[in-house]
Amino acid sequence: MRGELTVRDGLPDHLRQGLFATASRYPIIVRLSTALGAIKSDRICAPRGMAIKVLGVSGPKALVDDNSANQDFLLVNHPSYVSDAKAYLSLQRDVERSLNTPDVVLRGLGIGARVGVPLAEKIGIPVPLVLKGLSDHGDHPLGETFHTEGALRFGAHVARLRAVPASEAVHRLTGQPCNDGDDIVLESVARFFRENSADYDIQVQLCTDLQHTPIEDSSIDWPEDVSPPQTVGRITIPSQIADSPARRSYADDCLSFDPWRCLADHQPLGSIMRLRRDAYRMSRTLRHQQNKTPMIEPRDISELPN
């Protein structure tokens, strides 16, 4: 979808960091997704993702070969992840050996695979995280709150970011089931935007101490009483045709999102985030090679087809 990010005016000094240093408006491209890793029926409950590409940002980039003028934020609808890269590797190997095991879906990991409680105990994931239900991964994605999971730089600070439903139209979708059709996620989102707009507040939680708000252990939620969410901006997605053939082709063949396509002020932190630096690059390169399409990073919102 095409939208706009508005950075709040009058933010206190500790929140005027990086992209949010000055009150501004930026064009954005927003992609909603699921995280099964393969095309499967939407009747299967799976984590939801929201990726936000902010166009026309200026400032030093986290990677020296990033020649874009864009800032990508990748979020999912659960605040925490596996603890670190070593735990993820162990989990992934077990998942690949048990993909067809009809056990408990280990939600909260963002991989949409079926694994059991013993595996969660083995890699140090709290069992309540495994068992706290699947309903929110079968809910309407537009009513969800989306999180960066891991930490990133926030200028002079460290933070986690999230996008929270702000307008009444998306508030009404929070908790509403969305898994009663094989392609219901796409259909419901496209139907919504034909007649409605959506607003989300961008909020940050700042790291206060490494015990309660750790950087390297991504499995720990940051308590709101220790680090209260603070609103720094709002994204607005107007009514539009979100599923035109031209737009879907552009998304499949040209568009990419990468947590390391970012300002140095928003560099991802922690071992899981460092792992994503190379994994996303390799995945993107392979996709373009197989599709026989060039890697094109948009410079203007007009490049997103209607």
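## Asp243 and Arg194

Asp243 and Arg194 are joined by a salt bridge, with N and O 3.6 Å apart; the term stands for a side-chain nitrogen of Lys or Arg within 4 Å of a carboxyl oxygen of Asp or Glu. Helices (H or I, at least four residues) and strands (E, at least two) are DSSP runs, numbered from the N terminus.

Asp243 counts as partly exposed because its relative accessibility is 22%. Arg194, at 43%, is also classed as partly exposed. Buried means under 20% relative accessible area, exposed over 50%, and partly exposed in between (1.4 Å probe, protein chains only).

## Basis of the values

The model is predicted: local features need pLDDT of at least 70 and side-chain atom pairs count only at pLDDT 80 or more, while totals for chains, interfaces and linings use all residues. Residues are numbered from 1 along each chain as its sequence is written, and side-chain values use heavy atoms, with hydrogens and water left out.

## Other salt bridges

The count of salt bridges is 16. One of them pairs Arg281 with Asp65, whose closest N and O atoms are 3.0 Å apart. Here too the partners come from distant parts of the chain: Arg281 is in helix H7 (residues 271-291) and Asp65 in the loop between strand S3 (48-55) and strand S4 (70-76), 216 residues apart. Arg281 is partly exposed at 31% relative accessibility, and Asp65 is partly exposed at 43%.

Lys61 and Asp66 form a salt bridge with an N to O distance of 2.8 Å, and both residues are buried. Salt bridges also link Lys53, Asp72, Arg261 and Glu297 in a network.

## Aromatic rings

There are three aromatic pairs, a pair being rings of Phe, Tyr or Trp (its six-membered ring) with centres within 6.5 Å; planes under 30 degrees apart count as stacked, over 60 as edge-to-face and the rest as tilted. Phe192 and Phe193 make an edge-to-face pair, at 5.0 Å between centres and 85° between planes. Both of these Phe residues are buried. Phe20, Phe73 and Phe154 are linked into a cluster by ring pairs.

## Charges over rings

Lys53, a member of the salt-bridge network, lies over the face of Phe257 at 4.8 Å from the ring centre. The charged end of Arg277 is placed over the ring of Trp260, 5.2 Å from its centre. The criterion is NZ of Lys or CZ of Arg within 6 Å of the ring centre and within 35 degrees of the ring normal.
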